[in-house]
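Welcome! Please take a look at the sequence and the structure below, and then read on for a short briefing.

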Amino acid sequence: IQKLCDRVASSTLLDDRRDAVRALKSLSKKYRLEVGIQAMEHLIHVLQTDRSDSEIIGYALDTLYNVISNDLEEEEQEENLPKQVDDLGSQFTEIFIKQQENVTLLLTLVEEFDFHVRWPGVKLLTSLLKQQGPQVQQIILVSPMGVSRLMDLLADSREVIRNDGVLLLQQLTKSNAAIQKIVAFENAFERLLDIVTEEGNSDGGIVVEDCLLLLQNLLKNNNSNQNFFKEGSYIQRMKPWFEVGDDSCGWSAQKVTNLHLMLQLVRVLVSPTNPPGATSSCQKAMFHCGLLQQLCTILMATGVPADILTETINTVSEVIRGCQMNQDYFASVNAPSNPPRPAIVVLLMSMVNERQPFVLRCAVLYCFQCFLYKNQKGQGEIVSTLLPSTIDATGNSVSAGQLLCGGLFSTDSLSNWCAAVALAHALQENATLKEQLLRVQLATSIGNPPVSLLQQCTNILSQGSKVQTRVGLLMLLCTWLSNCSIAVTHFLHNPANIPFLTGQIAENLGEEEQLVQGLCALLLGISIYYNDNSLENYRKEKLKQLIEKRIGRENFIEKLGFISKHELYSRAAQKPQPSFSSPDHMMFDHEFTKLVKELEGVISKAIYKSSEEDKKEEEVKKTLEQHDNIVTHYKKVIREQDQELEELKQRINTLTSQNEQLQATVTQQVSQIQQHKDQYNLLKVQLGKDAQHHNSHSETFQMNGIQMEEASKLKEELEEWKNKHELLQGQLREKDSVIEKLKSSQLEMGTTEQSLQTSKSGGLEHNNELQKELEMLRSQIQLQSAEISKLQIENQKLQVMNTTADPVLGDSGATAANNSELEGRLEQEVKELKNEVKALSEEKESLKQHLDSSSSTVAILQDEKSKLQQEVAESKKEQDDLLVLLADQDQKLSALKIKLKDLGVPVEDEDDIESGDQGDEDEDGDEEEQD
């Protein structure tokens with residue numbers, strides 16, 4: 001090895017160095033430590049200097065990989081070797097990455113397209129990341145375009161490099177959010193989904209598995225990438241993964257693995273630990289693209305392996321959890337049975353069936369819990385199947401309620417626990433259903449009267465069944481009684497219940513029973529805290545005295561503390577999904593742990609309170625309630641006044657807009673009247689001028705006779721008339737010739753008509769066509785004859801005009817006639833102008849009337865406006881009075897709260913918040929009034 005290292009270091013010929021590196025490669029697997037210690041530096045030097053020769057670079061990279069990697073052959077593995085091997089790999093990796101340039105050099109080599117360089121480079125980089133992940137990740141992150149260079153591996157056409165590139169990116173993206181984001185934004189989702197599709201989705205090989213693991217790395221606990229995945233519409237591309245159908249040929253191990261990872265990937269997107277907004281948007285996207293429907297199909301399909309079915313149930317659970325739309329869809333899903341049954345019923349049958357696998361039963365319980373989570377509609381439907389009015393009398397179909405009751409009272413303790421928890425979830429944060437469930441009656445045995453569900457639960461508790469059953473029933477009772485005074489009264493009405501609970505708590509039992517004691521203490525505490533003192537024998541004070549005598553307060557509090565100190569309690573509090581290593585560990589439910597946290601401190605305080613404090617507290621509560629009622633009343637009044645104010649403001653706005661419109665129309669009409677006045681004045685002036693002109697004209701005629709200019713004008717007019725007369729005569733001649741032609745054509749038509757009549761029997765179709773043509777010609781002749789008659793009349797008129805215009809200009813009689821004609825025309829024009837003036841004056845009068853009416857409407861509107869302003873002022877005054885009253889009430893409230901705090905009573909912040917809101921509302925109201 002030493003000689004080979006010397007050859008690599010000192011040989012000038014490339015062939016010698018290449019042979020030496022090849023020899024080192026062959027020794028590197030067997031003599032890993034020696035080659036690593038002696039040759040690493042020389043090999044790195046080869047990578048730096050001999051980049052032009054791909055062969056020597058390939059050998060050097062392979063040698064380094066053998067030295068650093070821990071993937072030894074099976075025959076070399078011995079019992080004492082693995083630990084030493086791990087240390088070797090990490091030590092050599094540390095030596096290699098001490099110089100950051102080595103990793104940067106490796107990144108540039110990975111860019112080479114040559115297979116003998118790129119592939120060993122990818123393997124070596126993967127091995128470095130396995131050994132010293134965080135350090136190598138940091139070096140790659142700070143090197144320019146480091147991650148982007150590695151992303152190109154996914155686009156390599158050679159499958160070996162592409163597949164090893166996926167493995168490299170898996171190691172690179174482990175627990176590093178910054179690199180995960182860069183990889184995602186380098187279009188990794190698109191490329192990986194393309195590879196999964198190319199490989200055949202769930203039917204693909206190990207490559208699909210590697211791609212899915214990489215996708216999990218990129219999406220798990222990375223909100224930015226999850227959002228990018230959803231926004232990029234990649235959720236829609238997941239739907240084909242689950243189109244499995246009924247496989248008659250069975251499921252291969254690889255297919256099961258792939259499908260398992262695909263389901264886990266869906267769960268990563270809708271995990272309850274994600275931000276609620278992101279989870280909700282992913283759930284909606286899964287419903288809209290049909291992914292949820294596809295999962296429900298797998299859920300109800302036959303021949304699906306048990307582990308896939310379990311994981312599918314868990315996935316569906318998280319896809320519907322807290323999403324009303326998805327929960328409603330799931331409620332409508334039916335199993336393909338005859339008759340069809342709801343999927344929920346089929347799943348509950350599996351849950352209460354002790355022959356089903358434990359993991360599957362846990363999954364069904366989780367599914368049922370998720371279906372009821374924040375789903376009051378679903379809770380109501382489940383409880384309604386238990387109520388007397390809705391139970392199917394025929395007994396043909398089994399309902400969800402009947403299955404839960406059956407599970408609750410079966411001999412299998414696991415079924416008891418699951419049914420109790422499921423029923424508790426149906427009552428979660430729903431006081432109405434807690435009251436309705438009190439109506440449920442059970443027929444325990446033939447001949448005996450029916451017993452209420454609450455009574456039956458307490459009966460089973462007192463019979464001393466298994467710990468798991470009792471824990472389940474106690475959790476159900478605690479959930480049922482919490483925040484429901486009526487249920488507490490019903491519970492206390494049974495005289496056996498309180499002695500049983502005090503007896504259980506007072507006894508000194510083993511560790512197993514401590515949990516039951518703690519839950520009994522919690523149930524008794526709830527019976528005190530939510531007691532409305534309606535039963536004289538079981539008032540709060542009497543129950544506290546009973547605890548003091550029989551158990552002791554300190555002992556009671558200690559027993560109550562057993563619950564939260566229990567190991568199984570802390571496990572259940574971590575996440576909503578029930579995950580238990582064995583059925584024996586199935587004790588606590590996640591939602592119940594929240595209830596315990598909420599009630600533990602409250603109950604402890606309630607136990608230590610004296611009767612006087614209780615009375616004071618009740619009095620304070622009553623006064624607070626009264627004040628609350630007064631406040632709510634005033635709030636209501638103020639809201640109503642606010643609404644009235646808004647309405648009045650809107651009315652004022654509409655009236656002002658109407659007023660503006662009317663004013664605009666008035667101004668428009670005024671402008672029109674002004675225009676008409678101007679036109680009238682102009683016409684007056686013109687008429688005056690025309691009259692003056694006419695008077696002067698007649699005077700000149702009388703004094704001087706006809707002037708030369710007038711004579712020349714008349715001559716020109718006469719010449720024009722002559723020309724027109726000649727033109728018309730020419731036109732008349734043309735028309736005469738046309739008439740002659742038409743007459744001749746008419747005669748011809750007459751002859752043709754006769755011939756047509758003789759040959760009528762020859763052909764009917766031809767005859768019809770000719771008749772149509774004849775009609776057309778006749779109509780043409782009529783039109784033309786009418787035109788001729790018109791022209792003849794015009795001709796006669798022209799001849800008359802010609803005769804009047806023919807005498808010589810100097811004739812005084814003719815001039816006198818012309819003068820009289822001109823005077824007649826002028827008089828006619830004057831009459832017409834007078835008529836126009838009269839019409840304008842009438843129009844003016846009508847506009848004046850319109851203006852008067854509009855001004856009166858404006859006055860009316862102004863009166864209304866002043867009235868409304870007065871009303872607004874009055875309502876404002878009333879509101880100020882109410883605010884003064886409210887301020888007084890607030891002062892009284894705050895004084896009472898201070899008293900309560902002095903007494904040590906916890907005062908909730910809701911009143912403070914409401915009073916803060918009230919102040920905000922008042923300020924807003926004042927601002928609006930100022931506006």
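This is a predicted model: local features need pLDDT of at least 70, side-chain atom pairs count only at pLDDT 80 or more; totals for chains, interfaces and linings use all residues.

Residues are numbered from 1 along each chain as its sequence is written, and side-chain values use heavy atoms, with hydrogens and water left out.

**Salt bridges**
- There are 25 salt bridges in the structure, each a side-chain nitrogen of Lys or Arg within 4 Å of a carboxyl oxygen of Asp or Glu.
- One of them joins R22 and E55, whose closest N and O atoms are 3.8 Å apart.
- R22 sits in helix 2 (residues 14–28) and E55 in helix 4 (residues 54–68), so the pair ties together parts 33 residues apart in sequence; helices are DSSP runs (H or I, at least four residues), numbered from the N terminus.
- R22 and E55 also belong to a salt-bridge network with D15, R18, D19 and D53.
- K25 forms a salt bridge with D62, with 3.6 Å between the closest N and O atoms.
- R361 pairs with D412 at 2.9 Å between the closest N and O atoms, and both residues are buried.

**Confidence**
- The protein chain averages a pLDDT of 82, where pLDDT is the predictor's confidence in each residue, from 0 to 100.
- Confidence is lowest in helix 39 (residues 910–930), at a mean of 52, and highest in helix 19 (residues 324–332), at 95.

Terms used. Helices (H or I, at least four residues) and strands (E, at least two) are DSSP runs, numbered from the N terminus. Buried means under 20% relative accessible area, exposed over 50%, partly exposed in between (1.4 Å probe, protein chains only).
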